[in-house]
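Student: Please take a close look at one part of this model. I would like one connected account, with the cut-offs stated.

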Amino acid sequence: MARADENAGDAAGAFTGAARLVGDDVNTDYIISSRRKRVTIDADALREFLFEDYDKNLGASIQPGEILVAGRNFGCGSAMEVAVTVVRAAGVPCVLAKSFARAYYRNAINNGLMPVICDTSTIDEGDRLEITMLDDGLNVINLTKDSPVETASFSPIIMDILNAGGITSYLRTHGDFPEAI
Amino acid sequence: MTKTNGGPATMAEKILSKHCGRPCYAGESVVCRVDAAMATDGSAPMAIDYFRAMGGEKLADPKALVFALDHYAPPDNPATVALQDRIRTFSAEQGNILYDIGAGIGHQLMIERGHVRPGDLVVGADSHAVAYGAANAFAVGVGSSDLAAVMLTGKLWFRVPESIRIELTGKLPASLDAKDIALEINRTLDPQDASYRVLEFTGEGAVLLTFEERMLLSNMSTDAGAKAGIFDADAVTTTYLKNQDGLRHAITADEGAVYAKHLSIDLNTLTPRLARPPVGGQAAEIVELGQDVDTPVDMVYLGTCTGGRQSDLESALRVLRAGGGKHPRVQLVVTPASDKVYAGLAADGMLEEFIKMGALMMTPGCGSCCGTCGAIPGDEKVVISAANRNFTGRMGNPKARVFLASPAACAAAAVTGKITDPRTIM
């Protein structure tokens, strides 16, 4: 759990990373197989099985700081949270997708993995992406293509949770949700 | 889509309004009190970790928290036993409701044991928690961290979703199953369209469905990509829930409520549906079952929170009886959704029939659905399953090919050893 909070610190300011592409409808079982989490829920231990039933080489070759770039409906299927924590354990700070399955989107925010909704069709494997945290979302520039990527903004509660580094530190600090958000 | 305060609202908007203390509409973010929460042995250990890390010492409401040990029932290794023991220790200390191995699938128990009432807001740390929408609840699947937030505060924030109104016209033919409707909805709806939206079921076809059929449609709304799937409450609801007072709290959509989309499904003309095994990481293609007839089948799976209730197993057994039992080459695996369903089978003599046919009767729970316990299919083997998902590797072996269909269609394949239209047997 401390991991999510530590790594989310990376989110402040600008950072760059290489794009690693996956397709449409990548479900949580493809990210991490359900059968793995019955033995351990430790994200570092699960890291070696990342994308094992989808694309083993991709899973093995993802480097810390790289950015996952997906098509539509990323993280569909199960609500299992290891599908987010295992991506964090691989050192990925951010996932760009045309759309996310709802539970994955929430789990990502809660663990300080930034889920960015944008048109990913112009991004190619290995493109350098520069990401800057703004007050209401993220600014994404494709350095390789020298072009900005238009992104959807975050609501205030999402920004508050991301700025806290995740839901754990948000609630440890505030103790409760405010009445109005 | 703009809405004015005080204007007509959808069921989803009205249930969230009731729980955040003011009228709210699609697009707003609100903090709501949550009536009940459920986690499984697949999600509770992480939820307990998050709860502790949040500084949690005591549950906001122990009576509103259900843990169900269903994913690993029974566990097949000591590490899983240790995860389950962490849940037992936590529940003993906190006094929340715990259903241990063998009681059944958490989603089934939430309905069967009366933890969900019409008009409630319920979360479950498992995507198929949407099933409780059949009881006129706004029920949504969440991760372990959101569940921990509910454990700590009794509340959670929500973005108020838009709704898609699904009108079921006509009457489902007796030879078909709610599973065929669910697959047809999933074939028709683009998950991108359904994402973050709620399905609200309506129409004469919906009124005529049994409660268990409604549960199936709510259950599989998550597989369509939706946030929830809600039915109106009526006498069917209150009878099944044994909650005669339930209608007092039921929520109905307002006349003139605004929907993001309308979809109409004609049940009179529906034919059996089949989800094919996904190819190359793509989503499963859903087709008319007729297209794949005669594909040889090695294993048939009856069970899960989608197809493991008494009516599902009865429907399968009717086909098996009519066809003279199962084909000798086929492995037939049956996992009742709960101990109550299991006892019902025994009381009605159906258990004996299944056993005499050579079915493998498994411990009530999630069983083979996600490959975490129960029978695993072999390499290159073909499975037809009454479950809701067939991602590659889903049943524990990425080299197996899993088709999804109704319990009746699964039973028809068990009879002939190949994919078969159940109407040709009945």
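Tutor: Chain B is split by the domain assignment into domain 1 (11-265) and domain 2 (273-424); such bounds come from an automatic or database domain assignment. This is a predicted model, in which local features need pLDDT of at least 70 and side-chain atom pairs count only at pLDDT 80 or more, while totals for chains, interfaces and linings use all residues. Residues are numbered from 1 along each chain as its sequence is written, and chains are lettered from A and ligands numbered from 1 in the order in which they are written.

The C-alpha centres of domain 1 and domain 2 of chain B lie 24 Å apart. Their contact takes 32 residues from domain 1 of chain B and 29 residues from domain 2 of chain B. Two residues are in contact if their C-beta atoms, placed from the backbone, lie within 7 Å. On the domain 1 side, helix H4 (106-112), helix H6 (178-188) and helix H9 (211-219) of chain B give two or more residues each. Helices (H or I, at least four residues) and strands (E, at least two) are DSSP runs, numbered from the N terminus. H6(B) gives the most to this side, with 6 residues. The side divides into 12 nonpolar, 10 polar and 10 charged residues. Here Ala, Val, Leu, Ile, Met, Phe, Trp, Tyr, Cys and Pro count as nonpolar, Asp, Glu, Lys and Arg as charged, and the others, Gly among them, as polar.

Now the sheet. In chain B, 5 strands form an open sheet in the order S4-S3-S2-S5-S6, with parallel pairing. Strands pair if DSSP finds at least two bridges between them. Strand S4 (97-99) and strand S6 (138-141) of chain B stand at the edges with a single partner strand each, so one side of each lacks a neighbour in the sheet. Neighbouring strands are turned by 15° against each other on average, direction ignored. Axes are lines fitted to C-alpha atoms, for helices over the stretch in contact, and angles run from 0 to 180 degrees between N-to-C directions.

Strand S2 (residues 36-40) and strand S3 (residues 65-68) of chain B run parallel, joined by 4 bridges. B:Met38 stands opposite B:Val66 in S3(B). Helix H5 (residues 144-153) of chain B packs on the sheet and touches S2, S3 and strand S5 (121-125) of chain B. The direction of H5(B) makes about 130° with that of S5(B).

Last, the chain contact. Here 48 residues of chain B meet 44 residues of chain A. H5(B) gives the most to the chain B side, with 6 residues.
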